[in-house]
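Keep the sequence and the 3D view side by side as you read.

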Amino acid sequence: MIPFADGPFWEALAVSTGLVALAEIGDKTMLLAVLLAAAWRRPVPILAGILVATIANHAVAAIAGSVLASFAEGPWVKWVIGLTFLAFGAWTLIPDRLEERPAPKETTWRGIFLTTTAAFFILEMGDKTQIATAALAVRFEALIPVVIGSTLGMMLANTPAVFLGEKAATRLPMTWIRIAAALGFALTGLAVILFD
């Protein structure tokens with residue numbers, strides 16, 4: 001059931017967008033976006049690569065979450081989901097670091113796009129936003145709005161990073177953003193445990 005006009009679709013979309021956007025700020029994939037933007041200064045192929053990689057990566061995560069949701073039944077499920085979101089809240093408080101600066105060998109639109117797509121897809125594997133996407137798919141049992149929302153959240157966080165580069169990343173109040181994201185995950189976890 002995925003109607004586009006009812007509340008559950010929009011709730012899944014809004015929560016997925018907000019949580020992933022907040023969690024992505026300061027994440028290693030956002031740091032990669034800053035580095036690629038500084039190295040190439042070509043935002044369009046970089047953003048296109050981020051978009052394609054995110055759609056693919058988060059679709060895989062949401063499908064895995066949806067499959068898990070179809071098999072998971074019983075009162076213990078809400079505890080697992082709720083505690084998972086609480087763990088994301090704690091994980092979000094830990095700052096990410098990106099150790100290696102990418103060596104930009106490609107300078108063509110296609111080369112930058114493919115390099116960005118591959119780098120983002122690989123770096124996002126097992127990342128908190130990918131795992132959060134899977135958990136959101138379990139929570140809402142709504143694949144499409146979760147993928148759209150988590151992708152939109154990634155783009156909302158990474159687009160300014162690509163256009164503003166390192167200046168944006170160094171001027172954002174990262175501690176407060178991490179705290180807000182952690183609170184968002186924690187509140188979602190508590191809501192699942194207490195109200196589902």
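**A walk through the helices**

Arg-41 is exposed, at a relative accessible area of 67% (exposed means over 50%, buried under 20%, and partly exposed in between, using a 1.4 Å probe on protein chains only). You'll find Arg-41 in the loop between α2 and α3, and its phi is positive, about 55°, even though it is not a glycine. Before going on, some ground rules: this is a predicted model, where local features need pLDDT of at least 70 and side-chain atom pairs count only at pLDDT 80 or more, while totals for chains, interfaces and linings use all residues. Residues are numbered from 1 along each chain as its sequence is written, and side-chain values use heavy atoms, with hydrogens and water left out.

Glu-141 is another residue other than glycine with a positive phi, here near 50°. It sits in the loop between α6 (128-140) and α7 (143-171), and it counts as exposed at 59% relative accessibility.

Now zoom out. The protein chain has 8 helices and 0 strands (both are DSSP runs numbered from the N terminus, with helices being H or I of at least four residues and strands E of at least two). Of its 196 residues, 46% are buried. Look at contacts (heavy atoms within 4.5 Å) between residues at least 6 apart in sequence: 93% of them join residues at least 24 apart.

How confident is the predictor? The average pLDDT of the protein chain is 80, and 78% of the residues score at least 70 (pLDDT is the predictor's confidence in each residue, from 0 to 100). Residues 1-5 have a pLDDT below 50, and this stretch has 8 contacts in the model beyond near neighbours in sequence.

Which helices pack against α5? Start with helix α3 (residues 43-71) and helix α5 (residues 109-124), whose axes come within 7 Å and cross at roughly 35°. Axes here are lines fitted to C-alpha atoms, for helices over the stretch in contact, and angles run from 0 to 180 degrees between N-to-C directions. Among the residues making the contact are Ile-46, Gly-49 and Ala-53 of α3, and Phe-113, Thr-117 and Phe-121 of α5. By class, this contact has 13 nonpolar, 5 polar and 1 charged residues. Nonpolar covers Ala, Val, Leu, Ile, Met, Phe, Trp, Tyr, Cys and Pro, charged covers Asp, Glu, Lys and Arg, and the others, Gly among them, are polar.

Helix α2 (residues 28-40) packs with α5 too, at an angle of about 160° and with the axes 10 Å apart. That makes α2 roughly antiparallel to α5 (over 145 degrees; under 35 is roughly parallel, 65 to 115 roughly perpendicular and the rest oblique). The α2 contact includes Leu-32, Leu-36 and Trp-40, facing a set on α5 that includes Ala-119, Phe-120 and Leu-123. Its residues divide into 8 nonpolar, 3 polar and 2 charged.

Finally, go to Phe-9 in helix α1 (residues 7-24). Phe-9 is buried, with a relative accessible area of 5%. Phe-9 and Ile-144 lie 135 residues apart in sequence, yet 8.4 Å apart in space, C-alpha to C-alpha.
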